[in-house]
Amino acid sequence: MVKYILKRVFYMFLVLFIVTTITFFLMHMIPGDPLTALVQKLPEQTKINYYAKYGLDKPVYEQYFVFLKGIFTEGTLGESIRFPGRQVLDTIQKYAGYSSEIGLVAVLIGFIIGIVLGTVSAIKQNKLPDKLISIIAILGISLPVFLLASLFQYLFTVKWPLFPTLGWGTPAHKILPILCMSFSPLATYTRYMRSSVLDVINQDYITMAEAKGMSFAQVVRRHVLRNSILPSLTILGPNIADVFTGSFVIESIFAIPGLGSYYITAVNDRDFPMIIGCAMFYTGIYILSLLVVDILYVIIDPRIRLTGSNSK
Amino acid sequence: MDRLLEVENLHVSFHSYAGEVKAVRGISFGVDKGETLALVGESGCGKSVTAKALMRIFDRTSGEIMPGSSIRFDGTDVMALDKKALHAFRGSQIGMIFQDPMTSLDPTMTIGKQVGEALVIHKGLSMREAEKQVVELLRMVEIPNPEERVKAYPHQLSGGMRQRVVIATALACNPKLLIADEPTTALDVTIQAQVLDLLRDLKVRFGTAIILVTHDLGIVADFSDRIQVMYAGQIVEEGTKRDIFKRCRHPYTWALLRSIPQEHTTGTTLYSLKGTPPDLLMDIQGCPFASRCEYCMPICRQKMPERKALTDTHALSCWLTHPQAPKVECPIPREGDEEDG
């Protein structure tokens, strides 16, 4: 197991390196650079000085080595060009925190409620609870998140002013965005869970558990859940990673200072250090959550053996 | 002998989109203490459904035991049990062995815990105490190294070993009746023999009654005391082993026996019964076997024959037993008829 994890961590860094490299060259291929707008009206010499200051006058491959050197010797991702004085690493740390306060909580709530609803739905197949839950699931999947957000804002801040419309600071500010963001994962997990519980429930070992004299509630707790949670777990990894980039819409609607909007702004501004920083962060989170999911797999289903671990 | 199980007029139906599938159509039978009864018949004849109905195990699915059915087990009216009593009944009074050991164990749980669950539920043991007893149970079903195997997961065991685990689970609480639903169908031949030997052994040791559900008459011959032949949800012939193998009178039983490969059939084409069983969605008029029967008479298509007892043990439902019916002899050459007397 330990050997496997070490191997995976090594691969993680390899992937991170490759993604970083590709991103680096791709973003330099986009027309324009962070200084174009800034230096438009400045004298020629000042322009040249500016470019030299950020090393943007050098050939791309040379900039790439400077960037790598920065990471390995100083452990820094550099400084934002658009907002001088801001360290990329600090920015990510700060705003990713805000994103996760909303996003992680939302995904987790969606996951837990989705698991419960999906299980109930499957057990009560074709009965009223199943139909009601199916409606929720279909709404959750088909309603665009901006529509939901506007609807919630209208209902809960205008019609019944329970929560602040937008902004950041108090716990009350977080409730609506969390609700909005948990809706889609909730629907997804409900659907995944429903179909896998339906599959598991017809297995012989469930009949056998009942033949032992277990009540159906016991059977569900001890045998059904564990066997049917794997598909939902598979999508949990990517979902967690999406929290940091995919929440852009919600974050702008509710004016949350999350990382999503910084990422988009950085791309629009061609703020190279910021773009590469966000890309690295996102890749890292993505791979890490996949690793965690893979480890959870092994804990939940003993038939899954990780290659490289020879424990039997 | 003491009656352990008494089933009367058992009807089981499945509700499907196409309509009501009447899988079991009014069967009555009994099992004595310590006796082995075999339910024999082809796929879809209702034998597994009958076995499951005894524990009312399809409450959750579309299956339903129809009103009017009566199941009495050792003084208990099984049909009258409420949910809680039913859970206490399952596993402690009747144990069940399933067809496919590859799918009847939970892949995510150690076998020690799975066998132990029954003890935890019925004897109120803690899981830790239960697992100690599980070691003994595993030893009883002749699993080598039981102390280590309790920690194994199902996928680490062979098919035969898994079926032993299933047997250990079924016997964990010393049930009075063991239902074995095709216990050897999914195993290869040598393992089949081992598992059957084990079952025979346990039966003698604990005096457990067994209902063996199978389509393999070979197993039936050396395993069971009495045999019931089922067709289209009904019992067409029943009797002791000897009644069925030596003196059977129902054309369907003949057909079953004729289709067993035997020494004198070597090199010839094996007998096979033409046609298919009737659609269980429909009501059947007359004898259900009429459409495939070589000896079908006009009356067979119009009226269901009454159950007729030939001796204390041997009974069948067939118009051929009627005094006015033509005399038909069993088409199977029978060795050893003489010693039978």
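Helices (H or I, at least four residues) and strands (E, at least two) are taken as DSSP runs, numbered from the N terminus. The model is predicted, with local features requiring pLDDT of at least 70 and side-chain atom pairs pLDDT 80 or more, whereas totals for chains, interfaces and linings use all residues. Residues are numbered from 1 along each chain as its sequence is written, and chains are lettered from A and ligands numbered from 1 in the order in which they are written.

In chain B, helix H7 (residues 189–206) contains B:Arg200. This residue, B:Arg200, is classed as partly exposed because 14 C-beta neighbours lie inside 10 Å; a residue is buried at 20 or more other C-beta atoms within 10 Å of its own, exposed at 12 or fewer, and partly exposed in between, with C-beta atoms placed from the backbone. A distance of 16 Å separates the C-alpha atoms of B:Arg200 and B:Gly160, which are 40 residues apart along the chain.

Two packed helices are described by the angle between their axes and the distance between the axes. Axes are lines fitted to C-alpha atoms, for helices over the stretch in contact, and angles run from 0 to 180 degrees between N-to-C directions. In chain A, the axes of helix H5 (residues 88–123) and H8(A) come within 5 Å and cross at roughly 35°. The contact of H5(A) with H8(A) comprises 21 nonpolar, 9 polar and 4 charged residues; Ala, Val, Leu, Ile, Met, Phe, Trp, Tyr, Cys and Pro count as nonpolar, Asp, Glu, Lys and Arg as charged, and the others, Gly among them, as polar.

Helix H8 (residues 171–201) of chain A also approaches helix H11 (residues 230–242) of chain A, their axes coming within 9 Å and crossing at roughly 155°. H8(A) and H11(A) are therefore roughly antiparallel (angles over 145 degrees; under 35 is roughly parallel, 65 to 115 roughly perpendicular and the rest oblique). Residues of H8(A) that meet H11(A) include A:Tyr189 and A:Met193, with A:Ile235 among their counterparts in H11(A).

The contact between the chains takes 24 residues from chain B and 19 residues from chain A, contact being defined by C-beta atoms, placed from the backbone, within 7 Å. H3(B) gives the most to the side of chain B that touches chain A, with 4 residues.

Definitions and conventions
Contact = placed C-beta atoms within 7 Å.
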